[in-house]
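Visitor: I have a structure to look at and some questions to ask. Could you walk me through it?

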Number of protein chains: 2
Amino acid sequence: MSVFTTVTEEQLSGWLKHYSVGSLTELQGISAGIENTNYFVTTTHGPNGGRFVLTLFEKLTRTELPFYIHLMAHLARHGIPCPAPIADRDNEYLGTLHDKPAALVTRLSGRSVMEPDARHCAAIGAMLADMHIAGQSYGRKLENPRGPRWWKDVAPQVMPFLPPDEQWLLKEELRFQGLHHTHDLPRGVVHADLFRDNCLFEEDDGARVGGIIDFYFAGNDALLFDVAVTVNDWCSRTDGSLDENLAQPLLQAYHDIRPFNALERSAWPAMLRAGALRFWLSRLFDLHLPREGEMVHRHDPTRFRDVLRQRIANSIPLP
Amino acid sequence: MSVFTTVTEEQLSGWLKHYSVGSLTELQGISAGIENTNYFVTTTHGPNGGRFVLTLFEKLTRTELPFYIHLMAHLARHGIPCPAPIADRDNEYLGTLHDKPAALVTRLSGRSVMEPDARHCAAIGAMLADMHIAGQSYGRKLENPRGPRWWKDVAPQVMPFLPPDEQWLLKEELRFQGLHHTHDLPRGVVHADLFRDNCLFEEDDGARVGGIIDFYFAGNDALLFDVAVTVNDWCSRTDGSLDENLAQPLLQAYHDIRPFNALERSAWPAMLRAGALRFWLSRLFDLHLPREGEMVHRHDPTRFRDVLRQRIANSIPLP
C-alpha cells in the first residue's frame with residue numbers, strides 16, 4: 001500500500017483553502033505506487049469534475065521536485081494528457097502537508113492495457129513523439145539519473161550476486177555500450193519509464209490514450225532511449241523477443257510525427273540494448289540491495305536479462 | 001451562425017502539425033457566438049478525450065488577445081474549469097490561420113441552466129469567489145473596457161433614442177454613480193459577463209460547475225462589480241426584482257470563500273445599480289447603433305432598465 005502518511009478529511013479541507021478548487025467532497029487513499037503517498041481527492045469544482053490526485057512526496061525533495069512538476073505543467077499546457085499540477089493562491093505548485101512537499105494534480109481517466117495490440121502500440125508511438133516535441137521547449141534540465149553514469153556505479157554492486165554467465169553478459173554489455181556515443185543523437189526530455197502501466201487508455205475507445213502518468217524518472221537524454229524503453233516493454237514477447245507486429249506500428253506512428261534521422265537509425269540496435277540494460281540493472285539493484293525502509297515493488301530482473309539477450313541476437317530497423 | 005471563416009479538414013490537419021495533440025478526427029462548426037469563428041475539434045489524443053475548441057478571432061487583435069488568453073491559462077492552472085489554451089510547438093498560445101489570430105483551447109462539458117435554483121446560485125457564488133482569488137496572482141492588467149469611462153462615452157450617443165422617462169433615469173443614474181468612488185474596494189480580474197449562458201453545469205450532477213466560458217469582457221475592476229453583474233442575471237425575477245431566495249445563497253457561498261469587507265457592504269446597493277446600468281447601456285448601444293458588418297445578437301435593453309429600476313427601489317444586504 002502506498003499511504004505512508006495519513007491525511008484526514010479535516011486536515012485536507014483546511015489545506016485546500018490554499019487552492020481555488022472549492023471544498024472537499026471525497027478523499028480516498030490509493031494503494032498503487034511505491035515511493036509517495038497518494039490520495040484521490042474530489043472537490044466541489046475544478047477541471048474534469050473536480051477530480052484530483054494529492055501526492056505527498058516521501059523521498060523527492062523541494063530541490064528535486066520542480067523539474068518534474070514544471071515538466072508536467074509544461075506538457076499539459078501543450079495538450080499532452082498528463083497530470084497537470086494545480087497552482088495554489090500563492091501561485092505555487094508545491095505546497096506543504098505534514099511537513100512534506102505536496103502537490104495537487106488533475107486526475108486522469110482510463111485504464112492500462114497490459115496486452116496491447118497494434119492499435120495501442122501505434123497510439124503510444126504517436127503520443128511519445130508528440131511528447132518529445134512538446135518537451136523541446138521545456139526550459140529546465142536534469143540529466144537522466146539512470147543513464148550510463150549510474151550503470152557504471154551500480155554494476156559492480158550487483159555483480160557479486162550474479163551467476164558467471166550473467167556476470168559475463170553484464171560486463172560485455174557495459175563494454176559494448178561504452179563504445180557507443182549517443183551525444184550527437186536528437187536529445188530532449190524523456191519520460192524514461194513509459195511502460196504499459198504508466199499509460200491509461202480511455203475506457204470506451206480501445207486505442208485512445210487518455211493519460212500518461214509517473215514522470216518521476218524523467219530527465220534529459222537521447223530521445224531514442226525513450227523509444228527503446230517503450231518498445232522493450234510494449235513489444236516484447238514472453239521470452240523477451242521483439243514482436244514485429246507491435247514494434248513496427250509503434251515505430252511508424254512515432255516516425256510519422258518526429259521522423260527518425262540517419263544517426264538514430266544507426267544507433268537503434270545498441271539503444272534497444274541500452275534500454276534493456278538500464279532496467280535489468282535497476283531490478284537487480286532493487287532485488288539484491290534494497291534500501292532500508294523503502295517499500296520497493298520488486299520486479300523480476302530476469303525479464304530484462306532476457307530482453308537484453310534477445311536484442312543482442314536480433315533487432316528490427318527503424319522506419 | 002458564427003462560422004465567419006471556413007476551415008476545411010485538410011487545412012486544419014496541416015495547421016495541427018504545429019501542436020502536440022495528434023491528428024484530426026472530427027471538425028464541426030459551432031453556431032453559437034457572435035464575434036468569432038468557432039469549431040469543435042477532436043484529435044487522436046489530448047486532455048479530456050482530445051476534445052478542443054478552435055477559435056479564429058475576427059475582431060480582437062494580437063495586441064489585445066494576450067490578456068484574455070493568458071488569463072484563461074492562468075485560471076486553468078489554478079483549477080478553475082475554464083477553457084485552457086494549448087501551446088504550440090513554438091510554446092505560443094496564439095497561432096495564425098487564414099491570416100487571423102487563432103487559438104486551440106480545451107473543450108468543457110456541461111450545459112447552461114437558465115432557471116437556476118438555490119443550489120446553482122450557491123455553486124456559481126463559490127466559483128466566482130475562487131476565480132477572484134485565483135486571479136489575484138495574474139500579472140497582466142486591462143482596465144474593464146465597459147467601466148464608467150465607457151458609460152460616459154456611450155450615454156450621449158444612445159440618449160436621443162430614449163423616451164423622456166428613460167432619459168431622466170439614465171441621467172440620474174450616471175449622476176448617482178458619479179458620486180460613488182469604487183477605487184478603495186478590493187480589486188482584481190473580473191469576468192464581467194458571468195451570465196447563466198456562460199456557465200456550464202455538469203449533466204449528471206445538477207449543481208456542479210463544469211465550465212466557465214467567454215472571458216472576452218474580462219478586465220480589472222472592483223471584484224464587487226462582478227458579483228453585482230452575476231447576481232443581476234442569476235437572481236432576478238421576470239420583472240427585474242431581486243429573488244432573495246437565489247441571491248442570498250449566492251452571496252453567502254461567495255462570502256464563505258472571500259469574505260466581503262465593510263467597504264463592500266457599504267458600496268453594494270450602488271454596485272448592483274452599476275451592474276444593471278452597464279448592461280442597459282450596452283444593449284441600448286447594440287440596438288440603436290449597430291456597427292457595420294457586425295452580427296450582434298441584440299438582447300432586449302428593457303430587461304436591464306427594469307433591473308436598474310428595481311435595484312434603485314430595493315436591495316438585499318451582503319452577508
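Guide: Let us start with one pair of strands. β1(A) pairs with strand β2 (residues 37-43) of chain A. The two run in the antiparallel sense, and the number of bridges between them is 5. Bear in mind that this is a predicted model.

Visitor: Which residue in β2(A) stands opposite Gln28(A)?

Guide: Look across from β1 (24-29) of chain A to its partner β2(A). The residue of β2(A) opposite Gln28(A) is Phe40(A).

Visitor: What is the order of the strands in the open sheet of chain A?

Guide: The sheet has 5 strands, and their pairing is antiparallel. The twist from one strand to the next averages 35°. Read across the sheet, the order is β1-β2-β3-β5-β4.

Visitor: Which strands of chain A stand at the edges, and why is one side of each left without a neighbour?

Guide: Each edge strand has a single partner strand, so one of its sides has no neighbour in the sheet. The strands in question are β1 (24-29) and β4 (95-97) of chain A.

Visitor: Now chain B. Which strands pair on one side only there?

Guide: Chain B has an open sheet of 5 strands in the order β1-β2-β3-β5-β4. Its pairing is antiparallel. The edge strands are β1 (24-29) and β4 (95-97) of chain B.

Visitor: Which residue in β3(B) is the bridge partner of Phe40(B)?

Guide: Strand β2 (residues 37-43) of chain B runs antiparallel to strand β3 (residues 51-56) of chain B, and 6 bridges join them. Phe40(B) has its bridge partner in β3(B). That partner is Val53(B).

Visitor: By what turn can chain B be laid on chain A, and what kind of axis is that?

Guide: The turn is 180°, with a shift of 0.0 Å along the axis. The RMSD is 0.0 Å. That relation is the one of a two-fold axis.

Visitor: Which residue of chain B comes closest to the rotation axis?

Guide: Go by the C-alpha atoms. The closest one lies at 3.7 Å from the axis. It belongs to Asn48(B).

Visitor: How far apart do the C-alpha centres of the two domains of chain A lie?

Guide: Chain A is divided into domain 1 (9-106) and domain 2 (118-313). The C-alpha centres of these domains of chain A are apart by 27 Å.

Visitor: What does the model score, and what pLDDT does chain A average?

Guide: For the model, ipTM is 0.91 and pTM is 0.94. In chain A, 97% of the residues score at least 70. The average pLDDT of chain A is 94.

Methods. Residues numbered from 1 in each chain as written. Chains lettered and ligands numbered in written order. Predicted model: local features only at pLDDT ≥ 70, side-chain atom pairs only at ≥ 80, totals over all residues. Domains from an automatic or database assignment. Least-squares fit on C-alpha atoms with pLDDT ≥ 70 in both. pLDDT = per-residue confidence, 0-100. Pairing = 2+ DSSP bridges. Helix = DSSP H or I, 4+ residues; strand = E, 2+ residues; numbered from the N terminus. Axes fitted to C-alpha atoms, helices over the stretch in contact; angles between N-to-C directions.
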